[in-house]
Amino acid sequence: MPATIFLVAIIFIGATCAQTGDNAKSLVTDLFTANNYQKKVRPVRNQDDLLVLRVDFHLIGINGVDEASQRLTTTGYLSTLWKDQYLEWDPTSYGGMISVNVPQSYVWKPALALQNGFTKLQELGSSVINVNINISGHVTWEPYEVFESKCNIDVKYFPFDHQTCNISFIDWSYQSYEVQIQEGTYGIVTGELEDDAVWTVISTKLYHDTLDLESRLTYSLTIKRTPGFHVLNIIVPVILLGVLNLFTFVLPADSGEKMGYSITVFLSFAVFLIIVNSELPKTTGSIFGQYLIFQLGIALFTVCVTAIQLRFHYRTDPVPRLLSAVLGCRCKSKRKITDGNENGKLEKDTNESKLEETWNDFISILDFILFWVSFFVVLSVTIVVFLKLS
């Protein structure tokens with residue numbers, strides 16, 4: 001057994017030592033100079049044959065989602081594999097070399113481009129990227145890019161929304177019967193994906209089709225927004241401000257603070273919306289955005305009602321009979337009058353409705369009604385909104 005291991009080690013070391021720099025230089029010279037290699041020619045000996053590209057998309061990170069411009073920005077690279085029939089060799093002639101790395105500018109490359117991108121059409125990769133070629137002529141090319149792709153973003157269910165965005169690659173230089181893009185072994189690879197504070201990838205899929213005779217491969221990402229930040233910093237404060245707004249109707253009109261309190265709550269809504277404006281979607285259609293307008297409308301309604309109540313509070317004229325009749329059921333109560341005599345106490349019931357109601361009584365009853373009506377309206381709308389969002 002030790003002798004076998006020693007023999008294998010000797011063979012391995014000998015094979016490794018045999019692959020010298022001169023072997024590599026000779027191989028590169030023979031492949032690209034002696035054989036008169038032309039990178040402008042499609043690398044199939046029979047030009048009627050189809051060249052197949054196998055492409056895997058390695059997603060590294062989600063850089064951002066711009067709702068206003070409908071843009072998804074991602075970082076990743078394409079692991080692209082094809083067979084170049086002009087780049088085959090016999091390893092025994094080059095010290096056992098089975099692969100070699102050369103700059104991407106040395107070989108024929110597909111004209112892959114982002115079909116639904118924002119920037120101008122340009123070649124993938126750069127001069128610092130090499131391609132790997134093995135003895136059978138299979139070329140592996142892995143251009144690393146920051147991809148800015150168009151995405152139809154729907155913020156209706158913000159901040160509990162899911163978005164499905166496509167990243168489509170196409171070969172602009174050849175038609176589908178010349179070069180065809182197909183999915184590779186792994187499709188979309190997320191093993192290197194870095195965690196994002198806002199977005200999480202929940203599913204992926206890919207499909208191949210033909211666009212105007214050009215072959216196209218589309219990677220589809222379904223991402224979910226992480227709502228924790230928005231819940232704690234936007235949703236909860238809005239609900240609490242809404243609760244404070246309702247308590248305007250609890251303060252008595254003659255306290256002197258009712259109008260100031262209602263205006264303070266309204267201004268708090270306005271200032272808060274200005275502060276969190278950068279965290280809200282820049283497009284319309286959000287259910288939560290409509291809920292914010294609803295809460296702001298309730299605050300405005302409260303300010304207006306409070307101003308009108310204070311106007312009536314300081315009136316000294318009698319309450320009209322119509323209002324007295326409407327509020328009569330609330331104003332009626334019984335008052336006990338106790339008269340003392342030598343036999344004990346004599347109680348007499350008198351109807352308070354015979355007394356004259358004041359505007360202060362009217363405002364107190366109105367506050368009671370408005371508080372509970374507003375409470376149930378706000379509670380109902382809040383429940384419906386968050387049931388839809390969830």
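In total, 21 aromatic pairs are found in the structure, which is a predicted model. One of these pairs is formed by Phe57 and Phe147, whose rings lie 5.8 Å apart centre to centre, with 75° between the planes. The arrangement of Phe57 and Phe147 is edge-to-face, because planes over 60 degrees apart are counted in that class. Phe57 belongs to strand E1 (residues 51–66) and Phe147 to strand E7 (residues 144–150), so this contact ties together parts of the chain that are 90 residues apart in sequence. Phe57 is buried, its relative accessible area being 0%. Phe147 is likewise counted as buried, at 3% relative accessibility, since the limit for this class is under 20%.

Phe57 also takes part in a pair with Tyr219. Here the ring centres are 5.4 Å apart and the planes stand at 45°, so the pair of Phe57 and Tyr219 is classed as tilted. This second pair again links distant parts of the chain, with Phe57 in strand E1 and Tyr219 in strand E11, 162 residues apart. Tyr219 is buried, with a relative accessible area of 0%.

Strand E11, which carries Tyr219, is also part of an open sheet of 4 strands. The order of the strands in this sheet is E4-E8-E11-E10, and their pairing is antiparallel. Strand E4 (112–114) and strand E10 (199–211) are the edge strands; each has a single partner strand, so one side of each is left without a neighbour in the sheet. From one strand to the next, the twist averages 20°. Within the sheet, strand E8 (residues 162–171) and strand E11 (residues 214–225) run antiparallel and are joined by 9 bridges. Cys165 is positioned opposite Leu221 in E11.

Aromatic residues also form a cluster elsewhere in the list of ring pairs: Phe158, Phe288, Tyr291, Phe294 and Phe386 are linked to one another through such pairs.

Charged side chains were examined for positions over aromatic rings. Arg71 lies over the face of Phe118, at a distance of 4.3 Å from the ring centre. Lys109 has its charged end over the ring of Trp141, 5.9 Å from the centre of that ring.

Notes. Residues are numbered from 1 along each chain as its sequence is written. This is a predicted model: local features need pLDDT of at least 70, side-chain atom pairs count only at pLDDT 80 or more; totals for chains, interfaces and linings use all residues. Side-chain values use heavy atoms; hydrogens and water are left out. Two strands pair if DSSP finds at least two bridges between them. Helices (H or I, at least four residues) and strands (E, at least two) are DSSP runs, numbered from the N terminus. Axes are lines fitted to C-alpha atoms, for helices over the stretch in contact, and angles run from 0 to 180 degrees between N-to-C directions. Rings of Phe, Tyr and Trp (its six-membered ring) pair if their centres lie within 6.5 Å; planes under 30 degrees apart count as stacked, over 60 as edge-to-face and the rest as tilted. Buried means under 20% relative accessible area, exposed over 50%, partly exposed in between (1.4 Å probe, protein chains only). A charge sits over a ring if NZ of Lys or CZ of Arg is within 6 Å of the ring centre and within 35 degrees of the ring normal.
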